[in-house]
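User: I am new to reading protein models. Could you take me through a few features, one at a time?

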Amino acid sequence: MGLHRNVIHPKFGSFVLLVTVLVDAEVSEYGKPLDYNPCIDCKLCVAACPVGAIAKDGAFDGLACTTHNYREFMSGFTDWAQTVADSEDAADYRSRATDSESASMWQSLSSPPGYKSGYCLAVCPVGEDVLGPYPDDRKAFMDTVLRPLQDKKETLYVLPGSHAQEYARRRFPHKPVREVTGGWQPPAKRSASTEREQRTS
């Protein structure tokens with residue numbers, strides 16, 4: 001497990017997909033657990049994360065990560081739907097959401113949703129098949145892999161008053177920061193919503 005909270009394979013690094021395969025054949029040999037952690041503590045994932053979800057000391061802000069990275073999953077869709085409902089007309093909606101955001105959300109509804117920022121995986125240099133370029137020329141690796149992600153102009157989604165909001169504005173002033181609810185509602189609003197549902201059912 002890496003500092004970025006993703007599984008690291010000793011050969012393929014972070015570029016793995018976990019799946020389950022069911023077979024009815026007898027298994028003759030089982031894999032053995034690693035006796036070491038493949039993570040080399042390079043902290044490139046810390047530098048790449050646009051919302052500061054990964055700290056240098058290993059702390060992880062899961063809410064900051066999911067609010068931005070999973071923007072087009074259920075929680076982000078709920079927030080986007082609220083934006084549509086709150087808009088007075090098309091012009092008002094366009095003032096709240098950019099065309100690219102609308103297109104991105106539409107795409108996530110018509111096909112599997114995408115992650116907003118898999119940067120921690122993109123910059124991870126670990127794994128026998130991946131590690132080569134990083135120790136050979138760290139500056140070139142950072143210039144070609146890390147910095148383009150840091151320099152990219154993109155909207156960052158954060159909760160109001162969160163550490164992620166402060167971090168994003170301070171660390172990446174060229175990236176627009178948008179406050180969202182992440183689909184979360186205060187208890188009072190949840191109670192009101194429940195009462196409305198009960199009245200209409």
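Predicted model: local features only at pLDDT ≥ 70, side-chain atom pairs only at ≥ 80, totals over all residues.

User: How many residues does the largest nonpolar core have?

Analyst: In soluble globular proteins, nonpolar side chains tend to be buried together. A nonpolar core is a set of buried Ala, Val, Leu, Ile, Met, Phe, Trp, Tyr and Cys residues joined through side-chain atoms within 4.5 Å. Buried means under 20% relative accessible area, exposed over 50%, partly exposed in between (1.4 Å probe, protein chains only). Here the largest core has 13 residues, and Cys45, Val51 and Ile54 have the most contacts inside it. At least two residues of this core come from each of α1 (44-48), β1 (156-158) and α9 (163-171). Helices (H or I, at least four residues) and strands (E, at least two) are DSSP runs, numbered from the N terminus. A second, separate core has 8 residues, including Ala48 and Phe141.

User: Which residues lie nearest the centre of the largest pocket?

Analyst: Rolling a probe the size of a water molecule over the atoms shows where empty space is left. On a 1 Å grid over the protein atoms alone, a pocket is an open set of points where a 1.4 Å probe fits, with protein on both sides within 12 Å along at least five of seven lines; lining residues have an atom within 4 Å of a point. In this model 26 residues line the largest pocket, with Asn6, Asn69, Tyr70, Cys120 and Leu121 nearest its centre. Helix α2 gives the most to the lining, 5 residues.

User: Is Glu101 buried or exposed?

Analyst: Glu101 is buried, because its relative accessibility is 11%. It sits in helix α5 (residues 99-110). Its side chain makes a polar contact of 2.5 Å with that of Tyr157. A polar contact is a pair of N or O atoms within 3.5 Å; within protein, one must be able to donate a hydrogen and the other to accept it, and residues adjacent in sequence count only if both atoms are side-chain atoms.

User: What joins the side chains of Asp92 and Arg96?

Analyst: A polar contact of 3.3 Å joins them. Asp92 lies in helix α4 (residues 90-96). Asp92 is buried too, at 18% relative accessible area.

Technical notes: Residues numbered from 1 in each chain as written. Heavy atoms only, no water.
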